[in-house]
Every structure is written in structure tokens, then in C-alpha cells.
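Please have the sequence and the structure open while reading.

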Amino acid sequence: MFNQDIVKPENLVYKKTDVLTDKIMHYCPGCGHGTTHRIIAEVIEEMGIQDKAICIAPVGCSVLAYNYFEVDSLGAAHGRAPALATAIQRLNPDHHTFTYQGDGDLAAIGTAETIHACNRGENIVIIFINNGIYGMTGGQMAPTTLIGMQTATSPYGRTVELNGYPLQITELLAQLPGTYFVTRQSVHTSAAVRKAKKAVRQAFENQKNKKGTSFVEVVSNCNSGWKMTAPKANEWMVENMFVKYPIGDIKVDGEIVQK
Amino acid sequence: MAKELKLMKGNEAIAEAAIRSGCDGYFGYPITPQSEVMEYLMAEKPWERTGMVVLQAESETSSINMVYGGAGVGKKVMTSSSSPGISLMAEGLTYLAGAELPALVVNVVRGGPGLGTIQPSQADYFQATKGGGHGDYQLFVLAPATVQEMYDFVFLGWEIAFKYRNPVMILSDGAIGQVMEKLYVGDYVPRWTDEELRKNAPWASFGKPADRDHHIITSLELDSAKQEQHNHKLQAKYREMEEKEVRFEAINCDDADYIFVAYGSSARIAEKAMQLGKEKGYKIGILRLITLFPFPKKKIAELSTKVKGMLAVEMSAGQMVEDVRLAAQFRCPVEHFGRYGGIIHTPQEVLEALEEKIIKRK
Amino acid sequence: MAVKGTVVIDKERCKGCGVCVVACPKSVLALAKNVNGKGYNYSEAIIDECIGCASCAMVCPDGVITVYKEKK
């Protein structure tokens, strides 16, 4: 190791936050879930809200997310996280209830819960990981799977005739008056991570100020499901996913961002 | 305790009991014949009376998962529905049981299957007592027969739910839900303060203080050995309920030749049938079940050695009768009578069935 | 004088995904030829050019990288 002499507390620039537990995450190497977990945990630490944060884990790859966040947590049935969060936040208006959901959980089986929580303007934070595939069950087609994309249940590529269109649920949710902040981020480069973290911070700040629903989509990779190395998956994500799911704010302070 | 006399529908009594019993949150979805529960709550504005939260959800699926969320953070939360809605809640019920969460669920049963009818029925007995959702689990099931019991069982329900960390179902029916009767309501039980919640539900995910590890509420355990252990724990809990929490009312059973076994509306009808039978010289008793799970196996076993026969009276094609037979172990004849699909049997029909199936049995 | 930084990588927790290797603006990091206890070719610094920018730590999904930078 180089420059070992500067390893001193006063020189510390970055270390893993204590709001993440020391458990080794079960995610595949290079998966964006870990990175997204980290920035959420960092925001919770920086805002000093660990005692008020309630994490709702979904069903899917992040089903065990509650093992990694050092905050009180609940595991929801598939798609139901926004219903849990609705009740918890209404019963504890000063808490910081957030859901962490994948595309299958949020945009397929949990569509009703998602749309209605957002439409009621529940004062919750929803973190939505979109990698266009069901990772946990072995790489099946998701509502956000791109046209032509091969998955275990669209082995010849998704077609409109058979499967309909990729669902841009984030744009849809932005249309609802209950959403206050809707943004789409990614965590594949350090610049992107910093921006995504800023968005997560904004979401929790909005919640603190009781502004309604804040929704942060993170377009992410699934190198196992996509059958690529992690760096290659990130490149593929930029070239393909970002076309259908462009990065940037969609709704800020309750107003749609005009592009 | 100050008692106040009121005239109310069964559904309204549930709602008023919720407010007075310190309920923190009600989450529901309209369905006949239980819609008055939420209508009453919304009109009463309990958020002004006690701070209780009331929310109309987008579906029963959502309602029960709101209940799961509220229960997971240690709050006293409940929902109500009727049969088709309870089917939608089956998922949430098994998750509640698996995660060992206390909650109160009211089923004002209507005739099925499918969309069925909106008239009273008791055909959800299996669903309530044998699962309904997947996995080895039990709900604690209370069967009110009067509007007063609709009210009282909300209070009892909280007690049981938190004592055992288990969902409690009040299995009512369209008749008890809709009928207006007088009832006594009592003093308010205040909603728990944060300190009381931490004391009464120390396991809950109410927000991690600095001095303990994080709490996780889940029904998931991927390690099969641990999952089996968890199941052992649940089973032990259910056996403890069977040991300690069986509730029933034995009416004229001591010197009876025949027993009507019934609950809810059917028990009321059986009472009249018992009187009609007495005029004909029959010695009939009624075992009115108050808890359907835990089921009064011992009492039925005891009675089965003394009587000439039992008639299970229920508004179904014959569900509870299976448990009566299991408990009676062929020591006496056990038969079933009941109208179903939304039809309520008459006392005359019940007595005729007793005569036909038991008394004149060859 | 160039900025002096360094990274401390918890190699046993590293899954060798290589995302940090791509993220480093100074090409300091590479995946080791050796493997850790789980069989992953963990990430390590191979040259003395670290500027303590923490780009690697930012993208590390497993939070295994701690970064130091000498204060001037």
C-alpha cells in the first residue's frame, strides 16, 4: 500500500457510514443496489435522522435490504411497501419512512399501491431501482424491460406484440398532483453518485418539510441478469437504458421540469 | 366505569369501540354489508376525538398492508371488510401471522362463493379458522352474537392480539353487522403514548434509538432450520391459546339430551329453537362458541359423552361441524343444519332438523 | 507538490467487480492477481498516484474503500 503514513483520522476523506451494518451484502459484484443503499444511509447519517428512519424493504433482490440499513425496518409483501409506508408515516408524522423497491415490485405487482400512495401525496420517500429485469428470481422480464431485451421470459427479446411497452412509471407518477419531487438518477460514476445522493437528500428534506411524496428512481445495472461484467453492464446501461429512461429531474417543487 | 346506553348497528359499534379502545389507526375499503364501519368513523372524525388515523385505501390488499405497517411499528391498528374483501386480505393475514404482528380484522360475512350475495352468511368459517392464506398459521377468531359483543370484542381483541403478538379476527356476519340493538359503551381507553408503546410493544420497529440494534419486522427466513424453529414457536403459541383462551357460553347444557353447537347469528336462532323444543318436551342445550380458534374441543368432548346427539347449526354447507365431529370423536351423533348463500334459517327449521337428523334417527 | 492520497481497501469484503478500477481518474487501481477468501480478485492500488478524490469509494457498491488525503 502506498502512502500509509497519511492514514490518520484527520486525513479521512471517505469511509462507510455506520448507518449501514457490517453485514456483507448479498448483491452480485458491481450491483447498483449496494451503492444506492450507501447513499441513502449516508443521507440518514448526515441529517441525523437514524432514530426516526423506517425502512420498508420490498420483495425482489433487495428483500434483505433491512439487514443492511441500521435503522428499524419492515419487510413488505411483494408490491405493498407504499401501503405500509402510508400507514407508518400517518401514524408517525415526524418519522422518515422510506420504501426501497425494484421495478417488478413497484411497477408491476405494486402499481396500485404506488400510484395511490403518490396520488394521496403521502409524505414518504420512495426509492425505485430500475434495472429492467427481475433479478432475484433469475432474470425474468420486468415492466421496464426494453424492447428487444432478452430475459428468461422473453428469450427472443421483448416484443410489443407479446409484452406491450416498457413502462415509464416515473413520468406517469410525475403527472399526479400528490408527487412533489420526481427525479431519475444513476449510480454508475462518482459524479452520478454525488448527484443521486443530492437527490436522495432532497427527498428526505422534502419529507421533513411535509411536502408530500418524493420519488427517486435510480436506473441501475443487473450484470448477472444482463449477463455482462459490471463495467460492461454500466456501459450498456448508458447506451440503452438511458435512452428510454433519461437521467434528470422530472418534477421539482411540485412543478414538472420543462425540457 | 361509567356506562352509557346507546342504540347502534353492529358495524357502528365496531367503529365506536375502535375509537374508545385507544385504536391508533383504521384502514378500510367499502364493501357491503360492513361499509358503516368506515362511514361512521369518517363522520365521527376520531382524529379530533382521540388522534386516531382513519384512511380509505385503494383496495383491501392495501388496507391490510397498511395494517401490517402500522402493527409493525407497534400501533393498535385495524381493518374491516366482508368476505370477498377478506379473500383479498388473505395475503396480508398470513404475513401478519408470520411476522407475529398484533392487529384486529373484522369480517362481516356475506354469502359466497365468489361475489355471492350481500346477505348474511357463516361460510367463511374455514377461511377464518383454517388459514385462508398460505402456511401453518392461525388467527385468533372471536364470534360475536350481539351488537354488545361487537363492541366488547374490539377491546378483548386488542388484549389478545398484543398478548400473543397475533392477528385477531372478529368473525361477524351481515345480520350482526346490520342489526340495531342497545348496547352499553364505557369509558375511553386512551391511545398509548410513545413511552407506553415502547413498553407494550418493545419488539416493534418504531425507530431505532442509539442504545439498541435495529429491529426488523419480517416473515422471511431463508434458513430452513430457523424457519422450522419459528414455526415451532408459532405452534407453541397456538397451543397456549388452546390451553388458556377458549371461550364459550354453555346454556342449559348440564342436563341436556341434545346440544345445538352454534355461534353468532345462528346461536341466537338456536336459542329460539331450544325454547320451541322445550315446549315439545325436548331437553336441549346450546353450546355457543365465542372463540372459533381456539376451538372448545375439551368442552365438546365432555358433552359428547353425556348427550344423545349434537346439531351444528351454521349458515354454511357444513364447516364448523367438521371441528365438532373431530372433538366428539364419534361418541355421539353429530349432524349439521344450516341454510346458506345468504339465507338465514328459522328456529322452526332448526328444530325440525334436530328432530329429523338426531332425535328420530334410526 | 502533487496532492497525496491513499486508499485502504477491505479486500476480504471486496467482490472484485472492477467498478472502482474504471472510476479512478489516475488509473491507480487494478484487480489483483491473487484472490480473497471468497475467491474474488480484489481491488488494489498498483501505483503511487492516488489524489484522494474518493471516486472509487463513491461507486463502490460494498463500501469497502476508505480514502485518505493529506491536508495541506
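In this predicted model, helix H1(B) meets helix H7(B) through B:Gly10, B:Asn11, B:Ala13, B:Ile14, B:Glu16, B:Ala17, B:Ala18 and B:Arg20. On the H7(B) side, the contact residues are B:Val147, B:Met150, B:Tyr151, B:Val154 and B:Phe155. Nine of the residues in this contact are nonpolar, two are polar and two are charged.

**Helix pair in chain B**

- H1(B) spans residues 10-20 and H7(B) spans residues 147-164.
- The axes of these two helices come within 8 Å and cross at roughly 30°.
- Angles under 35 degrees count as roughly parallel, so H1(B) is roughly parallel to H7(B).
- The handedness of the crossing between H1(B) and H7(B) is right-handed.

**Sheet formed by chains A and C**

- An open sheet is built from three strands, in the order S1(A)-S4(C)-S1(C), with antiparallel pairing.
- Strand S1 (12-14) of chain A and strand S1 (5-9) of chain C are at the edges; each has a single partner strand, so one side of each lacks a neighbour in the sheet.
- On average, and with direction ignored, neighbouring strands of this sheet are turned by 30° against each other.

**Pairing of S1(A) with S4(C)**

- Strand S4 of chain C covers residues 65-69, and two bridges join S1(A) to this strand.
- The two strands run antiparallel.
- Within this pairing, A:Leu12 is opposite C:Tyr68 of S4(C).

Definitions and conventions:
Residues are numbered from 1 along each chain as its sequence is written. Chains are lettered from A and ligands numbered from 1 in the order in which they are written. This is a predicted model: local features need pLDDT of at least 70, side-chain atom pairs count only at pLDDT 80 or more; totals for chains, interfaces and linings use all residues. Side-chain values use heavy atoms; hydrogens and water are left out. Two strands pair if DSSP finds at least two bridges between them. Helices (H or I, at least four residues) and strands (E, at least two) are DSSP runs, numbered from the N terminus. Axes are lines fitted to C-alpha atoms, for helices over the stretch in contact, and angles run from 0 to 180 degrees between N-to-C directions. Angles under 35 degrees count as roughly parallel, over 145 as roughly antiparallel, 65 to 115 as roughly perpendicular and the rest as oblique. A crossing is left-handed if the near helix is turned anticlockwise from the far one by less than a right angle, and right-handed if clockwise. Contact means heavy atoms within 4.5 Å. Ala, Val, Leu, Ile, Met, Phe, Trp, Tyr, Cys and Pro count as nonpolar, Asp, Glu, Lys and Arg as charged, and the others, Gly among them, as polar.
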